[in-house]
Amino acid sequence: MSYIIWQSLALGVLILVMGLTGAILLVAINREEDREETGLQKKLYLVPLDEVSRGLADWLGSKLSSKFRFKINTSMVAKLPEESYSASRDSYFSSIILNKLQFLKASEDEYILAVTEEDLFTPNTDYVFSSSDGLAGVAIVSAQRLKPEFYGLPQSDEVVRMRAMKRAVHEIGHLLTLDNCDENSCVMYSSKTISDLDYQSDKFCHGCKLELTLPVKVPKT
Ligand SMILES: [Zn+2]
Ligand SMILES: [Zn+2]
């Protein structure tokens, strides 16, 4: 009699363990599917911070959609926060702007790339072409020092766009956890001057491509 009870108990435990294992496996598989889906649904908002930057933001959005597997959205607008302005520098403190931008995000699957005409600075540098906060998933590009006329040269939208593209890809690289790169032709090189920026390309070097953690459309070489 007791043998039968023990046998039933053992069978019961076996069924329970099998059921639990199945449930755990199912959860694991579902999690994997979730990750796959959210990976494809990551959104990048191109946000102009002034009316003049609308055209550049839209252009960057259309070009970036062929470079990265983001859903590009250009429907959001925002203003530069007044408290980020420094009258003595006639420039805007990029960290304050980045801090504010993260409140526009609805989820971790959203990134923001803001575009402005105004000059940007950090406490350590007189100016930056662009800036980002990788953890917050927000970035900003300033067109101010990308314009040839800033250097006394003839105006060119084409030149501004090419330079802005490099800065946008660089900051998106940071959002995708890449660090600055020592290779001065790589888009992740930290260009300090306009000639550095003109020398570098808008592409990731081989080493940076390998470091990327999100799917990026990389042409075969
Ligand atoms: Zn950088
Ligand atoms: Zn690199």
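Student: In which strand does Ser-131 lie?

Tutor: This is a predicted model. In the secondary structure of the chain there are six helices and nine strands. Ser-131 belongs to one of the strands, covering residues 130–133, namely S8.

Student: Is Ser-131 buried or exposed?

Tutor: A residue counts as buried when its relative accessible area is under 20%. For Ser-131 the relative accessible area is 13%, so the residue is buried.

Student: With which residues is Ser-131 in contact, leaving aside its neighbours within four places in sequence?

Tutor: Contact here requires heavy atoms within 4.5 Å. With the neighbours within four places set aside, the partners of Ser-131 are Ser-94, Leu-98, Ala-139, Ile-140 and Glu-171.

Student: Which residues coordinate the zinc ion (ligand 1)?

Tutor: The donor residues of this zinc ion (ligand 1) have the spacing H-x3-H-x5-N in sequence. His-170 is in helix H4 (residues 157–175), and Asn-180 is in the loop between H4 and helix H5 (194–199). At 2.0 to 2.1 Å, the coordinating residues are His-170 (NE2), His-174 (NE2) and Asn-180 (OD1).

Student: Why does His-170 count as buried?

Tutor: The limit for a buried residue is under 20% relative accessible area. His-170 counts as buried because its relative accessibility is 2%.

Student: What is the relative accessible area of Asn-180?

Tutor: Partly exposed residues fall between the buried limit, under 20%, and the exposed limit, over 50%. Asn-180 is partly exposed, because its relative accessible area is 43%.

Student: Which atoms coordinate the zinc ion (ligand 2)?

Tutor: Along the chain, the donors of the zinc ion (ligand 2) show the spacing C-x4-C-x18-C-x2-C. Two cysteines, Cys-181 and Cys-186, are both buried. At 2.3 to 2.4 Å, the zinc ion (ligand 2) is coordinated by the SG atoms of Cys-181, Cys-186, Cys-205 and Cys-208.

Student: What is the geometry of the site of the zinc ion (ligand 2)?

Tutor: Four donors count as tetrahedral if all angles lie between 85 and 135 degrees. The ideal angle for four tetrahedral donors is 109.5 degrees. Among the four donor atoms of the zinc ion (ligand 2) the angles are 106 to 113°, and the site is tetrahedral.

Student: What percentage of the contacts in the chain with a separation of 6 or more is accounted for by residues 24 or more positions apart?

Tutor: The chain has 221 residues, of which 40% are buried. Of its contacts with a separation of 6 or more, the share from residues 24 or more positions apart is 65%.

Note on methods:
Residues numbered from 1 in each chain as written. Chains lettered and ligands numbered in written order. Predicted model: local features only at pLDDT ≥ 70, side-chain atom pairs only at ≥ 80, totals over all residues. Heavy atoms only, no water. Donors = N, O, S within 2.8 Å, 3.2 Å for Na, K, Ca; no water. Tetrahedral: all angles 85-135°; square planar, octahedral: opposite > 155°, others 65-115°. Buried < 20%, exposed > 50% of the residue type's maximum accessible area, 1.4 Å probe, protein only. Helix = DSSP H or I, 4+ residues; strand = E, 2+ residues; numbered from the N terminus.
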